[in-house]
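Work through the exercises below with the sequence and the 3D structure at hand, and try each task before reading its solution.

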Amino acid sequence: GPPPRAIHGAGRLNRHPCRFTPQIPVEFRPAWFNGAPKIKSKIKSGSLRIVVTVGGGLLLFCGSGLARERPESAAFILASRSIHDFYRAYSMLQLILGGARSGKSRLAEKLASDSGLSVTYIATSRPLDGEMNQRIALHRGRRPGHWGLIEEPLELARVLGENAAANHCLLVDCLTLWLTNLLMLEDADRMAFERDQLLQTLASLPGEIIFVSNETGLGVVPLGELTRRYVDEAGWLHQALAERCQRVVLTVAGLPLTLKGTAL
């Protein structure tokens, strides 16, 4: 038979290329499914190992890092016509929470850099005063120069849908500034619309997406209807996102506390 084939996936997965034994063709054809598939997954030394046996052929997939969050992705392999469909199906959503100067943005930037993917930074802030300009300059100076940048204060769902890809990492910083921008609009219905659009689009987004947001509900809530609504909306958004994300991390004093998913 032909020699073993190797196909490299996108991002982190390409550090552990997929290797096919000679019995397995690159394209999955209907005639090939002549037996019940057997799937085994095992995590060893931080890496994911998925072994699929169908019709006497052995198919080995290896992944690392965030890929281990999705061992059930083997089901995508069996349902797809080609290995590339598996990579298109791969996705990872992370929510990084923390208070002011907690280190949440620095942690998110490190996760994006360590992903091995091309990164686009999605900034939601508006430079409305000198203090905000200083904060923006601090973040800009810390980011690698080769990262892409998109500035979008309102239409977050649209930007994510246009830029998410299996070989790409999107870093959104931050959600609470995005909420603030929407709450300040004269259109009272715009915030609910944009929030619902974001939550609905998450399930269909490929690649890795990291959300950064301020955990504002742990301290004293200042007086004022708008402030109380902001704290409420942020809390509800965080709960909805945490349901949908594979990893949720609370950052305190620069240290990550993993609330959901594999610990950092």
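**Exercise 1.** Determine the strand order of the open sheet of seven strands, and find its edge strands.

Solution. The order is β8-β7-β9-β10-β6-β11-β12, with mixed pairing, where strands are DSSP runs of E with at least two residues and helices are runs of H or I with at least four, numbered from the N terminus, and where two strands pair if DSSP finds at least two bridges between them. The edge strands, each pairing on one side only, are β8 (148–151) and β12 (255–260). From one strand to the next the twist averages 20°, with axes fitted as lines to C-alpha atoms, for helices over the stretch in contact, and angles between N-to-C directions running from 0 to 180 degrees. This is a predicted model, in which local features need pLDDT of at least 70, side-chain atom pairs count only at pLDDT 80 or more, and totals for chains, interfaces and linings use all residues. Residues are numbered from 1 along each chain as its sequence is written, and side-chain values use heavy atoms, with hydrogens and water left out.

**Exercise 2.** In which sense do β6 and β10 pair, and over how many bridges?

Solution. Strands β6 (residues 91–98) and β10 (residues 207–214) pair in the parallel sense over eight bridges. Leucine 93 stands opposite isoleucine 209 in β10.

**Exercise 3.** Check the span of α8 against its 20 residues.

Solution. At 1.5 Å times one less than the number of residues, α8 should span 28 Å, and because its end C-alpha atoms are 29 Å apart, the two values agree.
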